[in-house]
Amino acid sequence: ASLPHRPARRLLSPYPPPDPRGDKMHPGAHAVHRGCRCSKECFYIVFEDEIHRTIVDNNLFKVGERVAIGASGGKDSTVLAYVLSRLNKRHNYGLDLFLLSIDEGITGYKDDSLETVKRNEIQYGLPLKIVSYKELYDWTMDDIVKAIGLKTIVLSVVFFDVR
C-alpha cells in the first residue's frame, strides 16, 4: 500500500535557494513534501537555506567572531561542523571557526569518536583543539574509577553524556 499524497508544506524562508545545477531556480527547492520523496540535492538546498536564514534573521554571529563547534564525533556535531563551515565560506560570515572536543579519559570510550573528529578537521579544513580532563583537572575519568569504584563512575558518565 502506498502512502496517501500530502500537500506540500511551504517553508517560511522568502529567499529561494539557488539551483545546484546552474543559475536557474530549482522548482523543487521551494517546498518540502511530507510523506513524499524529494531528491538529496533538493533536501540539502532547503536545509542549508533554512539554517542560513536563521543565522541572518537572528543575527547569530558578528564578523570576526571566533566560534567553537563542540565536536563529539557523532552525527549531530559532524553535520553542524560541515554546514557552518560551508555556509561561512558561501555567505562570507567572516567567522573564525574551530572544532573543540573533550577527552574525558575513559579508555575505549572516545577513541573512535576522536578519530572521526580528526577526520573532520581535515575534511572541513577547520582547526581542532582537543582538551582533556587530564589537562584541565589533572585526573581522568579512569583515575576516578580507580579511586571511588566502577558503580559510581558509570552514573557519572551517564550524567555527563545527557547534559
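Predicted model: local features only at pLDDT ≥ 70, side-chain atom pairs only at ≥ 80, totals over all residues.
Q: Which residue does Glu-48 meet in a salt bridge at 2.9 Å, N to O?
A: A salt bridge here is a side-chain nitrogen of Lys or Arg within 4 Å of a carboxyl oxygen of Asp or Glu. At 2.9 Å, N to O, the side chain of Glu-48 passes that test. Its partner counts as partly exposed, and the name to look for at 40% relative accessibility is Arg-90.

Q: How many residues apart in sequence are the parts that Glu-48 and Arg-90 tie together?
A: Helices (H or I, at least four residues) and strands (E, at least two) are DSSP runs, numbered from the N terminus. Glu-48 sits in helix α1 (residues 40–57), whereas Arg-90 sits in helix α2, so their pair ties together parts at a sequence separation of 42 residues.

Q: Which residue joins Glu-48 and Arg-90 in one salt-bridge network?
A: The count of salt bridges for this model is six. Some of them share partners, and that puts Glu-48 and Arg-90 into one network together with Arg-86.

Q: About how far along the helix are Asp-57 and Arg-53 from each other, in helical turns?
A: Their side chains meet in a salt bridge at 3.6 Å, N to O. Asp-57 is exposed, at a relative accessible area of 51%, but Arg-53 counts as buried at 11%. Both lie in helix α1, four residues apart, so the separation is about one helical turn.

Q: What is the relative accessible area of Lys-134?
A: Lys-134 pairs with Asp-143 in a salt bridge of 3.8 Å, N to O. Asp-143 counts as partly exposed at 28% relative accessibility. Lys-134 is partly exposed as well, with a relative accessible area of 42%.

Q: What share of the chain do buried residues make up?
A: Start with the layout: there are six helices and five strands, and from the N terminus the elements go β-β-α-β-α-β-α-β-α-α-α. Out of 163 residues in the chain, the buried share is 31%.

Q: Which residue in β4 is the bridge partner of Gly-70?
A: Two strands pair if DSSP finds at least two bridges between them. Strand β3 (residues 66–70) and strand β4 (residues 96–103) have five, and they pair in the parallel sense. For Gly-70, the partner in β4 is Leu-100.

Q: Which residue in β5 is the bridge partner of Ser-101?
A: Strand β4 also runs parallel to strand β5 (residues 128–132), and five bridges join the two. Follow Ser-101 across to β5 and the partner you land on is Ile-130.

Q: Where is Phe-47, and at what relative accessibility?
A: Phe-47 has its place in helix α1. This residue counts as partly exposed, because its relative accessibility is 33%.

Definitions and conventions:
Residues numbered from 1 in each chain as written. Heavy atoms only, no water. Buried < 20%, exposed > 50% of the residue type's maximum accessible area, 1.4 Å probe, protein only.
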